[in-house]
Amino acid sequence: MTTAAVNYAKVLYELSVSWDSVESTKKLLREAPEFIAVLKNPLVSFRDKERAVDRILPEEMQSFVKTVCRHHRAELLEEIISSYEELCRKQQGILTAVLRYVTPPEEEQLENIRKFLCGRFHAQRADIELTEDKDLIGGFILQAEGQEYDWSLRGRCRRLEQKLTRR
């Protein structure tokens with residue numbers, strides 16, 4: 001995430017815009033790529049962008065999006081919303097992690113991983129995104145808060161190779 005997107009997300013959070021309005025805006029941006037293209041286009045006048053924002057977006061988000069457009073940062077809107085969602089999750093004590101695996105983990109294993117993450121990162125709850133990755137050969141890789149825990153066979157082979165070549 002860029003610093004600008006994170007800063008705009010903080011401002012959006014401080015504006016106390018409802019979660020529903022932000023989610024609605026996110027959905028509109030994804031479903032109407034031509035709308036975001038208009039907002040990004042430097043050839044479209046700011047007045048036309050304002051009219052489009054007024055017609056399409058929820059009222060709570062209009063002023064914020066117009067400010068983003070006024071500063072020529074419309075290309076960051078999706079990233080701003082992602083940063084906003086992450087900020088909201090952090091404020092609620094929710095950690096987001098990614099688990100890449102070869103064989104899907106059982107519910108008991110997932111619960112143990114959640115407990116590990118909550119203890120390690122002092123979170124109330126851990127949401128885990130599951131992604132299949134056959135290249136790992138076996139095991140899994142867990143990524144959270146910029147840290148990676150590699151318990152895959154591919155990672156173990158790589159570490160063994162590094163140890164052997166250092167001698």
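View A. Strands S3 (residues 139–144) and S4 (residues 147–152) pair in the antiparallel sense over 6 bridges. Two strands count as paired if DSSP finds at least two bridges between them. Strands (E, at least two residues) and helices (H or I, at least four) are DSSP runs, numbered from the N terminus. Gly139 has Ser152 of S4 as its bridge partner. The two strands form a hairpin with 2 residues between them. Glu145 lies in this loop between S3 and S4. Its phi is near 50°, a positive value in a residue other than glycine. At 41% relative accessibility, Glu145 counts as partly exposed. The cut-offs are under 20% relative accessible area for buried, over 50% for exposed and partly exposed in between (1.4 Å probe, protein chains only).

Numbering starts from 1 along each chain as its sequence is written. In this predicted model, local features need pLDDT of at least 70 and side-chain atom pairs count only at pLDDT 80 or more, while totals for chains, interfaces and linings use all residues; side-chain values use heavy atoms, with hydrogens and water left out.

**View B. The open sheet of 4 strands.** The strand order is S2-S1-S3-S4, with mixed pairing. S2 (125–132) and S4 are the edge strands, and each pairs on one side only. From one strand to the next, the twist averages 20°. Strand S1 (residues 94–101) pairs with S2 in the parallel sense over 8 bridges. In that pairing, Val98 has Glu129 of S2 as its bridge partner. Helix H8 (residues 153–166) lies across S1, S3 and S4. H8 runs at about 95° to S4. Axes are lines fitted to C-alpha atoms, for helices over the stretch in contact, and angles run from 0 to 180 degrees between N-to-C directions.

**View C. Ile137 in the loop between S2 and S3.** Ile137 has a positive phi of about 75°, although it is not a glycine. Ile137 counts as exposed, at 56% relative accessibility.

**View D. Helix H2 and its buried face.** H2 has 13 residues. From first C-alpha to last, H2 reaches 18 Å, close to the 18 Å expected at 1.5 Å a residue. The expected span is 1.5 Å times one less than the number of residues. Ser21, Val22, Thr25, Lys26 and Leu29 are the buried residues of H2. Seen down the axis of H2, they fall within an arc of 140°, so they line one face of the helix. The arc is that of the directions from the helix axis to the C-beta atoms. These buried residues pack against H1, H3, H5 and H6. The face turned away from the buried side carries exposed Asp20, Lys27, Arg30 and Glu31.

**View E. Thr25 of helix H2.** Thr25 is buried, with a relative accessible area of 1%. Not counting residues up to four places away in sequence, Thr25 touches Leu57, Pro58, Met61 and Ile81. Contact means heavy atoms within 4.5 Å.

**View F. The largest nonpolar core.** A nonpolar core is a set of buried Ala, Val, Leu, Ile, Met, Phe, Trp, Tyr and Cys residues joined through side-chain atoms within 4.5 Å. Of its 27 residues, Phe35, Leu39, Phe64, Val65, Leu77 and Ile80 touch the most other members. Helices H1 (3–14), H2 (19–31), H3 (33–40), H4 (46–56), H5 (59–70) and H6 (77–91) each supply at least two residues of this core. A second, separate core of 14 residues includes Leu95, Cys118, Ala123 and Ala144.
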